[in-house]
Amino acid sequence: HVSGRLKVAPEHTCDNVLRLMRKPPFRQFHEFKRIFDKINSREGLKQQIIPYFISSHPGSTLDNMAELAAETKQLNAHLEQRQASTPTPMTMATEMYYTGINPETGEEIYVARSMRDKESQRRFFFWYKPEERKRLSQTLRKIGRLDLIKKLEL
């Protein structure tokens with residue numbers, strides 16, 4: 001039963017970050033949404049999927065968040081459910097946060113630790129807000145993702 005709004009937690013759109021989260025590839029969300037939309041259409045329903053995303057998870061870079069923004073824009077998803085990753089005791093994410101290492105592979109991973117870096121990632125959730133456009137455009141230029149400036153219409 002869906003009461004009209006189904007909340008789901010893909011948590012990210014980039015497969016490399018999803019692997020670190022121990023989540024399936026984002027293509028599974030696309031497939032789920034396709035089936036959900038098909039059933040809604042067939043049954044004459046107007047139910048919504050409300051996706052939940054996380055920024056600043058260990059391994060997530062500005063580039064990954066820029067890709068998330070482009071992907072959610074393509075889905076026309078104005079994100080209501082989102083949060084910054086917070087270290088939680090006894091989790092792999094916390095181990096990665098404090099060590100900067102993927103414990104499964106021993107490889108170093110990027111970790112956004114400063115408030116400035118976390119805010120830069122969080123800002124990509126709000127690609128649709130006029131007050132964020134200038135900063136997002138500047139960030140995309142800084143990281144060399146001019147292709148996403150057009151996709152996000154910044």
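In general, strands of a sheet pair through backbone hydrogen bonds. Here S2 and S3 run parallel and are joined by four bridges, and Tyr 52 stands opposite Gln 81 in S3. The names come from DSSP runs, numbered from the N terminus: helices are H or I with at least four residues, strands are E with at least two.

A few words on conventions. Residues are numbered from 1 along each chain as its sequence is written, and side-chain values use heavy atoms, without hydrogens and water. Because the model is predicted, local features need pLDDT of at least 70 and side-chain atom pairs count only at pLDDT 80 or more, whereas totals for chains, interfaces and linings use all residues.

How high is the mean pLDDT of the protein chain? The mean is 94, and 100% of the residues reach 70 or more; pLDDT is the predictor's confidence in each residue, from 0 to 100. Confidence is lowest in S3, at a mean of 84, and highest in H1, at 97.

I turn now to helix H3. Its 13 residues (62-74) should span 18 Å at 1.5 Å a residue, and the end C-alpha atoms are 18 Å apart, which agrees; the expected span is 1.5 Å times one less than the number of residues. Among the buried residues of H3 are Asn 64, Met 65 and Leu 68, where buried means under 20% relative accessible area, exposed over 50% and partly exposed in between, with a 1.4 Å probe and protein chains only. After H3 comes Asn 76, whose phi is positive, near 55 degrees.

Finally, the aromatic rings. Rings of Phe, Tyr and Trp (its six-membered ring) pair if their centres lie within 6.5 Å; planes under 30 degrees apart are stacked, over 60 edge-to-face and the rest tilted. By this rule there are six aromatic pairs. Phe 26 and Phe 53 form a tilted pair, 6.3 Å centre to centre with 50 degrees between the planes. Phe 26 lies in the loop between H1 and H2 and Phe 53 in strand S2, 27 residues apart. At 0% relative accessibility, Phe 53 counts as buried.

Key
Two strands pair if DSSP finds at least two bridges between them.
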